[in-house]
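Welcome, and please take a moment with the sequence and the model below. This report looks at how one chain meets its two partners.

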Amino acid sequence: MKLGEIARALGCELRGDGDVEVVDVAPVEDAPPGTLTFLADRRLAAKLATSRAAAVLLPLDAPDLPLPSLRAAHPYLAFIAAIELFHPSPPRPAPAVHPTAVIAATAELGPGAWIGPHVVVGERARIGRDATLHANVTVYAGVSIGDAFVAHAGVVVREGARIGDRVVLHAGAVIGSDGFGYLPLPDGIRKIPHIGTVVLEDDVEIGANATIDRAAFGATVIGRGTKIDNLVMVAHGCQIGPECLIAAQVGLAGSTTLGTRVMLGGQAGVSGHHTIGDGAQIAAKGGVRSDVPARGVYAGYPAIDARRWRRAVSSLPRLPELLRRLRRVERAVGLDAPRSEEE
Amino acid sequence: MKLGEIARALGCELRGDGDVEVVDVAPVEDAPPGTLTFLADRRLAAKLATSRAAAVLLPLDAPDLPLPSLRAAHPYLAFIAAIELFHPSPPRPAPAVHPTAVIAATAELGPGAWIGPHVVVGERARIGRDATLHANVTVYAGVSIGDAFVAHAGVVVREGARIGDRVVLHAGAVIGSDGFGYLPLPDGIRKIPHIGTVVLEDDVEIGANATIDRAAFGATVIGRGTKIDNLVMVAHGCQIGPECLIAAQVGLAGSTTLGTRVMLGGQAGVSGHHTIGDGAQIAAKGGVRSDVPARGVYAGYPAIDARRWRRAVSSLPRLPELLRRLRRVERAVGLDAPRSEEE
Amino acid sequence: MKLGEIARALGCELRGDGDVEVVDVAPVEDAPPGTLTFLADRRLAAKLATSRAAAVLLPLDAPDLPLPSLRAAHPYLAFIAAIELFHPSPPRPAPAVHPTAVIAATAELGPGAWIGPHVVVGERARIGRDATLHANVTVYAGVSIGDAFVAHAGVVVREGARIGDRVVLHAGAVIGSDGFGYLPLPDGIRKIPHIGTVVLEDDVEIGANATIDRAAFGATVIGRGTKIDNLVMVAHGCQIGPECLIAAQVGLAGSTTLGTRVMLGGQAGVSGHHTIGDGAQIAAKGGVRSDVPARGVYAGYPAIDARRWRRAVSSLPRLPELLRRLRRVERAVGLDAPRSEEE
C-alpha cells in the first residue's frame, strides 16, 4: 500500500514521498523495513534515526525527520487506525449454533448469534443480537445480556447476572459467583446468603480468569466502558464507575466504590467500604486503607500521596545508618542510650 | 408478610406493631420502604433515623427506636434467617444426568445427583448422594467425593483428590494440580514428581478460580469448615486447620501450616514451612516470613505485630524530615556529616 | 524391594545391609517404617536419629549413620529416581479421540493423540505427536503445537499461539488472551488491537489458572524450560528467558524482559519495560520498578538489594522510638522542635 493511500485512508497530512510502499505497521523499537511506525514517546526519537521504517506517524507540529511522515492531531489514534487497516478483524463467523451446544428451551438468542461447541445457556437466559459465545462457555439461568456480546472459551456467567451491550469477557472469567460472606459462630461458620447480583454496563471488558462476585443485596456494578485485566478480584457489592482501568491481579474488597476514570495499577488492593474519587490513580501494589480524594495519586501500603511515599521509601534504606548517627549524637551530648523499646 | 408472623418464624421478640407489612429484607444503608433491616454496626444507628425501613432487627438490650423492632440474641443470625424466609433457595433440580455428560463406566454416582451438560467424570471416581455438578465440570479418575457436593461450571478436580461432605467449589476452581517443585540442574530443570494428593474436609468452600495443589507426598489438607475466597493459591503440602477464613488472592507457599480459625486478609502471603497459630489474623497484603503465635495479629511485610506495624508505618512518611533534623542536630553539636553509607 | 536392588536401579553406592526391605519412599519429616528417605537439608539430620525409615539417600561424603544408606553424587536427583521407581507414571492412555470432541476438519492431529471428552480444536490448528488433551480443553484456530503436548481440563489456547515440544499446561491456564492496552480518549476508551501472539518454547510448564497474554506486535515469549506457577500473569510483550522459575501469583507488566534462570518469588511484581538480568532473584512480594542486574538478589517494594532491604525493614519498627530519641537530643542541645513538615 502506498503511503499516500494510507494518508487518505487515515485522514492524515502527508509529508514526503507518497509513493513509498508500506508493507505493515510496527512499533518503533524494532520496525522492519517497509513498515509504518509511530513515536509514542519522545524518548524514542533517537531510535528513528537508525530505524528501517518506511514512514512514521507524527504529531502535526513535530519537526520533520529524514523519513516521510504522516501527521495527525492524535498520532496514537491514527496508528490504531493504521493497524486496523493492515490487520482488519476477521469477519464474524456466519451465524450458527453448534449442534453440541445446549440451549435451554426457554432461553432467547437474538439474531446473528454464533454459539460454539459445548456452550451451555440456561433457562430463561436472554442474549441480544450478534452474540459470540466461544466453546465451553456456561451461562446460567435467568441471565440477561445485551447485543454484540463476546464470551471467550470457559467463561462462566452465574444466574441472574445483567450484562449490557458490547461486553467482552475473556477466557475463564467468572461473573456472579457468591460473595465471600460468613458469620463465624461458636459451633461453625454460617454462610451469608447472597441474594444480589452483578451488573456489567455497556462496553465493559473483563480479563481472563478474573472474578466479579455477586452482591449480598442489590448489585455489584461495573460501570460503562470500564476495562478490567486478568486475574482481578472484584468482591461483593463494589460500585465501579465508568471508564476505569484496573490492571491485572488487583483485588477490591467488599463494597469498594470507584468514581469515574479511576486507574489501579497491577496487584493493588483496596480494603472494604472505601471510596476512590474520580480520576484517582493507585500505583501498582498500592494498598488502600482509606478514602482517596478525586485525582489523588496514591502509592504504598498503607497507600498515601505518591510523592510523599516515594520520598519516604527512598530514605528507608538509610534507616540503619540513621540509627547509628543518632547514637553518635547522643554520645556526643552525653545522653545514655535508651533501652530499646522494641527489643 | 406481617411483622408478627416474621417474629414467630424467626423466634424473635416483637416490639411495636406486629401488623406492619414487610415486603423484603434490606441492608440499613439503603433500605427501601417496607423492608426489614438490621443494625450490623452501631455506627450505622444514625441511618435508621432517616430509614424508610418498616422494621429493624436489634439485640435484646438495645434501646427502643421509633420504628417497630424484632429482638434476637444474635440479630445477624436472625437476619440471615429472615433473608432465607424472603428468598428461599430454589429447590434442587430433579435428579438427572444430562445426556451430554460423560460418566465413566466404573464411576459411581450416589442417588439424587444432578449432572449438568458436558460434565466429565473419570474412571473409578465415586461421588456421594445429592451431588450437583454444573456444566463443563471435569472430575478426573479415582476422585472420591462425599454427599451434597456442589461444583460450579468449569471446576476441575484432578485424579485421586479426596473430598468430604457438603463441599462447594465455585466456578473455575482447580483442585489437585501438580505442586510447583523443580530441581534446577546444570543441563535443565527436573520436575519433582508429586505423588501426594489433596484432601478437602467436610463443609469446605473454595472460591472461583482458586487453586489447591497436590502434595509431593501425603496430602495438602483443607480442614473442616474452612472457607477460601476467589483466586487463592494453596501450594503443595499445606495443612490448613478447621474453620479458617482465607480472603481473595492470598498465597500460601509450600508446607504452610494454619491452625484453627485463622483469618488471612486479601492478598496476604505466607512463605513456606511456617506455622500460623490458632486464631491468628494476618492483615490484608501481609507477608509472613516467620511463625505466628496463636491469636497473634500481624501486618506488613515482613509481617510483625499489627500495632507495632501501624505505629512504624505511620512514622514512615516523616523519614525525610527526620534525616534533615538529625543533620541539624549534628551541625549544632559540631559533628561532621558522615559520608552516607548508602549512596 | 530390597535396598540392594534399589542401589543397582539408581546407580548408587550401598552402605549397610542390602537385604533391607524398602516399601516406599518418603520425606524425612514423617517417614513411615520401611521407607527410603533422603536428607534434603542438613538441618533435618537430627530427624533421622528418630526416623523409622529403613534407609536414607546421602551425599557420597556424608558421615555414616546408624541406618543403611545409598550414596549418590546428587542425592535429590537419585531420590527423584527412587520416587519414579516406586510410583511409575501411569502409561499414557491408548490413542483415541473421544466422540464428543469437536476437531475442525482442517485441524491436524499427530499420531498417538489422546483427546478427551468435549475438547474443541479449531480450524487449521496443528498438534504434534502424542498429545494429551484432557476434557473441556479449547484450542482456537490456527494454533501450532509441538509433540508430547499435555493440556489439563479447561485450558484455553487462543488463536495463532505457537507452542513447542513437551509443553504442559495445567487446568484453567489461558494462553494468548488479548493484552490489556487501551487509549483513553475524551469520548471513551479505545481498545488497542493486539495483532501479536504468544510463543511457548520447548519444555515450558504453565500453572493452573495462569494467564499469558498475546503481544500487541510480535510475540510474548516464554523461553525454553521455564516453569510458571499457578495464577501468574504475564502481560503482553514480555520476553522471558530460558529456565526461569516463576512462583505463584507473580505479575509481570507489559514488555518485561527476564534473562536466563531468573527466579521470582510468589506475588512478586515487575512494572513494565524493565529487564531482570540472568540468574537474578526477586524475593516473594518484591515489587521491581527498575532494571535488576544479573545475579542481583532483590526484595521489597520498590525492590532493592535484599540485604539492604532486610537491614532497613528490621529497623523500621524502631522508627517511633527514633523520633522520640531525636526530640530528646534536640531538647538537650537547645533546638526547638521543628513544626512537623508532614502533618
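The sections below cover the ground rules and then the two interfaces in turn.

## Ground rules

This is a predicted model, in which local features need pLDDT of at least 70, side-chain atom pairs count only at pLDDT 80 or more, and totals for chains, interfaces and linings use all residues. Residues are numbered from 1 along each chain as its sequence is written, chains are lettered from A and ligands numbered from 1 in the order in which they are written, and side-chain values use heavy atoms, with hydrogens and water left out.

## Chain C with chain A

Let us begin with chain A. Here 68 residues of chain C and 63 residues of chain A are in contact (heavy atoms within 4.5 Å). Together the two chains bury about 5,400 Å², with 66% of it on carbon and sulfur atoms; buried area is the accessible area (1.4 Å probe) that two parts lose on being put together, summed over both. On the chain C side, Phe180(C), Phe217(C) and Arg325(C) lose the most area to chain A, together 12% of what that side buries.

Five salt bridges link chain C and chain A (a side-chain nitrogen of Lys or Arg within 4 Å of a carboxyl oxygen of Asp or Glu). In the salt bridge of Glu330(A) with Arg328(C), the closest N and O atoms are 3.3 Å apart.

Helices (H or I, at least four residues) and strands (E, at least two) are DSSP runs, numbered from the N terminus. Helix 5 of chain C gives the largest share, nine residues.

## Chain C with chain B

Now for the other partner. The contact draws 64 residues from chain C and 68 residues from chain B. About 5,400 Å² is buried between them, and carbon and sulfur atoms give 65% of that area.

Chain C and chain B have five salt bridges, and Arg328(B) pairs with Asp336(C) in a salt bridge at 3.6 Å, N to O.
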